[in-house]
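Reader: I would like to see the terms behind a structural description set against their cut-offs. Please show the model and then take my questions.

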Amino acid sequence: MKGVSGSKSLFFVCLLLALVGVTTVYGQGTRVGFYSKTCPKAETIVKSAVESHLKSDITLAASILRMHFHDCFVQGCDGSILIDGAGTEKTARPNLALRGYDVIEDAKTQLEAACPSVVSCADILALAARDSVVFSGGSSWKVPTGRKDGLVSKVSEVILPGPFDSVEVQKQRFLDKGLNTQDLVTLVGAHTIGTTTCGLISNRVYNFTGNGTPDPSIDSTFLPTLRSICPQNGDASKRLALDDSSQTKFDTSFFINLGRGRGILQSDQVLWADASTKSYVQRFSGMRGVPGLKFNQEFGKAMVKMSNIGVKTGAADSEIRKKCSQFNPK
Ligand code: HEM
Ligand SMILES: *[C@@H]1O[C@H](CO)[C@@H](O)[C@H](O)[C@H]1NC(C)=O
């Protein structure tokens, strides 16, 4: 008897968990289709704005994807990165190279015409990041929406993982935001598109430990290529692909390159040196003998997790901005 009622209550607990799971999968108050009644065209408008800009400059895709990451890691995904002015997040060093703010503003202008004061800038950025991945050849995913825009944007709060960070530090930065080791490797896979500068890798390429030799983890047959792209004491602002030979295609070659010592950023290449991160790199690379993991699928899932960091919905701490680059006038 005891066993029967035990399994019965177990059944109801499972049923309850399943129901809760169905209605609050994303937590934080976001859900897929948040604007389906209030602004049915919201997602279409964002997509067409993104596509019209990306058609003339595909390199904006990488920047918009990175912008969403930098937004979410500081004050949560609340559009705080979009605010103009002295001392805002935008002025922080890692954000100086970001481009594509006009893409978000353009979508906002169209949305204000269609459904004024309904769609947040934070949501526009989350949707635009997804659309940028899709436009670059990646798989799509459903973006939960319903974020509101934050009221704080301070340069002093911008703390992001950096290109010289160890695996330990990278893992900790992600853990601080509720993201695990798999999420880290998956999301860094965003480096399958986009570029960095010679200035950030010249130490690896010429003088890694201060004794005039390169980082030994660089493939020796790749080193001459890197040196010809980035000559010693040359232009530090010259840009090169983060995923050699495949910088505009959202694919798994970034991971395959790490396995061959062809990562560009030091923080990326070390993911191959640490056992806990290497196993994911191998799995995404489709390496023989390891259980495969589909990058495209996992990326969407990890992006949904990232896009739910610190979501704001309250009247006291958030609003729907009329212009993405400015807080609403009081
Ligand atoms: C440990 C984590 C990470 C580190 C240390 C890191 C670091 C960097 C650095 C140093 C650059 C080059 C910037 C420049 O030279 O202008 C870069 C570019 C980029 N990052 Fe990351 N990143 C990390 C995670 C992510 C995540 C989670 C995403 C998105 C989901 C992302 C997306 C990108 C993209 C797309 C670019 C290329 C930007 C462009 O071409 O304009 N990164 N990252
Ligand atoms: C390498 O860096 C060290 C320490 O910063 C410096 O003393 C040395 O001159 C550099 N060597 C070369 C070849 O640039």
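Author: What follows is a short exchange on the pocket, the cavity, a helix pair and the domains.

Author: This is a predicted model, where local features need pLDDT of at least 70 and side-chain atom pairs count only at pLDDT 80 or more, while totals for chains, interfaces and linings use all residues. Residues are numbered from 1 along each chain as its sequence is written, chains are lettered from A and ligands numbered from 1 in the order in which they are written, and side-chain values use heavy atoms, with hydrogens and water left out.

Reader: What makes a space a pocket or a cavity?

Author: On a 1 Å grid over the protein atoms alone, a cavity is a set of points where a 1.4 Å probe fits but cannot get out, whereas a pocket is an open set with protein on both sides within 12 Å along at least five of seven lines; lining residues have an atom within 4 Å of a point. The largest pocket has a volume of about 1200 Å³, and the structure holds one cavity of 30 Å³ or more. The space in the largest cavity is about 40 Å³.

Reader: Which residues lie nearest the centre of the largest pocket?

Author: R66, H70, P94, H191 and T195, out of 43 lining residues. The helix α3 gives the largest share of that lining, seven residues. Domain 1 (42-158 + 307-319) and domain 2 (167-305) each supply at least three; these bounds come from an automatic or database domain assignment.

Reader: Why are α3 and α13 called oblique?

Author: Their axes, lines fitted to C-alpha atoms over the stretch in contact, come within 10 Å and cross at roughly 40 degrees. Angles under 35 degrees count as roughly parallel, over 145 as roughly antiparallel, 65 to 115 as roughly perpendicular and the rest as oblique. The two helices are therefore oblique to each other.

Reader: Which residues of α3 and α13 meet?

Author: L65, H68, F69 and C72 in α3 meet F299, M303 and M306 in α13, where contact means heavy atoms within 4.5 Å.

How values were computed:
Grid points are joined across faces, edges and corners, and a volume is the space filled by probe spheres set on the points. Helices (H or I, at least four residues) and strands (E, at least two) are DSSP runs, numbered from the N terminus. Axes are lines fitted to C-alpha atoms, for helices over the stretch in contact, and angles run from 0 to 180 degrees between N-to-C directions.
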